[in-house]
Amino acid sequence: MRNKPIFRRGEFPRSVEDLLERLPLKQNGECLECHRGIDSRGYPEIKIKKKRWRISRLILFLRGEDIEGLQAIHSCDNPSCVNPDHIRSGTGKENMADCVARDRINKGEFRPQAKLTKRDIKHIFRLHHLGMKQIPIAEVMGVSQAHISRILRRQSWGWLEW
Ligand SMILES: [Zn+2]
């Protein structure tokens, strides 16, 4: 069964509050998660006036921010989160730097040639998607560039669902 549209034809949210009131949300710690309309990268999307919006990006737009060429950055690193306090706009470079910094905080500066976890693999694809080259990704993750290349070509970990 298909979900009923949250916004009727021609309707547009009047404000961030209006948007959030209509979304099915789940509190998770400080995060407000939306598990409806999740795209292939884990971000909830909504269709309004025939246009698909990432909700995080829509929030920036509704706040009146100029989002041309910018990305929505989650301070909580939780793609399904739509808490406006956790979302700010920034360049792709800033997003990438943030992503790397968070990973460092999570793992500590020193990483021996460790086995990669499922979470690491997702992180690698995320960095790749943000435009980071294989060599810096390899450095961040503490593995060889060849390994990163195999992962991105899905020769390693190809069984994982994204
Ligand atoms: Zn959050």
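Reader: What share of the contacts between residues at least 6 apart in sequence join residues at least 24 apart?
Author: In this protein the share is 51%. Please keep in mind that the model is predicted.

Reader: What does the secondary structure come to, and how do the elements run from the N terminus?
Author: There are six helices and six strands. Their order, starting at the N terminus, is α-β-β-β-β-α-β-β-α-α-α-α. As for burial, 22% of the 162 residues count as buried.

Reader: Let's take single residues. Why is glutamate 33 called partly exposed?
Author: Glutamate 33 has 19 other C-beta atoms within 10 Å. A residue is buried at 20 or more and exposed at 12 or fewer, so a value in between is called partly exposed. Glutamate 33 therefore belongs to the partly exposed class.

Reader: Where is glutamate 33 found, and which residues does it touch?
Author: Glutamate 33 is in strand S2, residues 31-34. Leaving aside residues up to four places away in sequence, glutamate 33 touches Leu25, Lys26, Asn28, Ser80 and Cys81. Asparagine 78 is 45 residues away from glutamate 33 along the chain, yet their C-alpha atoms are separated by 8.4 Å.

Reader: What makes lysine 49 exposed?
Author: Lysine 49 has 10 other C-beta atoms within 10 Å, and the cut-off for exposed is 12 or fewer. Lysine 49 therefore counts as exposed. You will find lysine 49 in the loop between strand S3 (45-48) and strand S4 (51-54).

Reader: What is the phi of lysine 49?
Author: Phi of lysine 49 is near 50°, which is positive in a residue other than glycine. For background, most residues other than glycine have a negative phi. Aspartate 77 also has a positive phi, near 60°. Aspartate 77 lies in the loop between S5 and strand S6 (87-90).

Reader: Which residues of H2 are buried, and what covers them?
Author: The buried residues of H2 are Ile55, Ser56, Leu58, Ile59 and Leu60. Their cover includes helix H1 (16-22), S2, S3, S4, S5 and S6.

Reader: Which residues touch the most other members of the largest nonpolar core?
Author: That core has 13 residues, and Ile55, Leu58, Ile59, Leu60, Ala72, Val82 and Ile87 touch the most other members. The elements giving two or more residues to this core are S2, helix H2 (55-62) and strand S5 (71-74). H2 gives the largest share, four residues. A second, separate core has eleven residues, among them Cys99, Ile124, Val140 and Val143. In soluble globular proteins, nonpolar side chains tend to be buried together.

Reader: How do you know that the buried residues of H4 line one face of the helix?
Author: Asp120, His123, Ile124 and Leu127 are buried in H4. Looking down the axis of H4, these buried residues fall within an arc of 105°, so they line one face. The face turned away from the buried side carries the exposed residues Lys118 and His129.

Reader: How far does H4 reach from its first C-alpha to its last?
Author: H4 has twelve residues (118-129) and reaches 17 Å, close to the 16 Å expected at 1.5 Å a residue. Just after H4, glycine 131 has a positive phi of about 100°.

Reader: Why are H5 and H6 called roughly perpendicular?
Author: Helix H5 (residues 134-141) and helix H6 (residues 145-152) pack at an angle of about 110°, and their axes are 8 Å apart. Angles of 65 to 115 degrees count as roughly perpendicular, and H5 and H6 are therefore described that way. Gln134, Ile135, Ile137 and Ala138 of H5 make the contact with Gln145, His147, Ile148 and Ser149 of H6.

Methods. Residues are numbered from 1 along each chain as its sequence is written. This is a predicted model: local features need pLDDT of at least 70, side-chain atom pairs count only at pLDDT 80 or more; totals for chains, interfaces and linings use all residues. Two residues are in contact if their C-beta atoms, placed from the backbone, lie within 7 Å. The expected span of a helix is 1.5 Å times one less than its number of residues. The arc is that of the directions from the helix axis to the C-beta atoms. A nonpolar core is a set of buried Ala, Val, Leu, Ile, Met, Phe, Trp, Tyr and Cys residues joined through C-beta atoms within 7 Å. Axes are lines fitted to C-alpha atoms, for helices over the stretch in contact, and angles run from 0 to 180 degrees between N-to-C directions. Angles under 35 degrees count as roughly parallel, over 145 as roughly antiparallel, 65 to 115 as roughly perpendicular and the rest as oblique.
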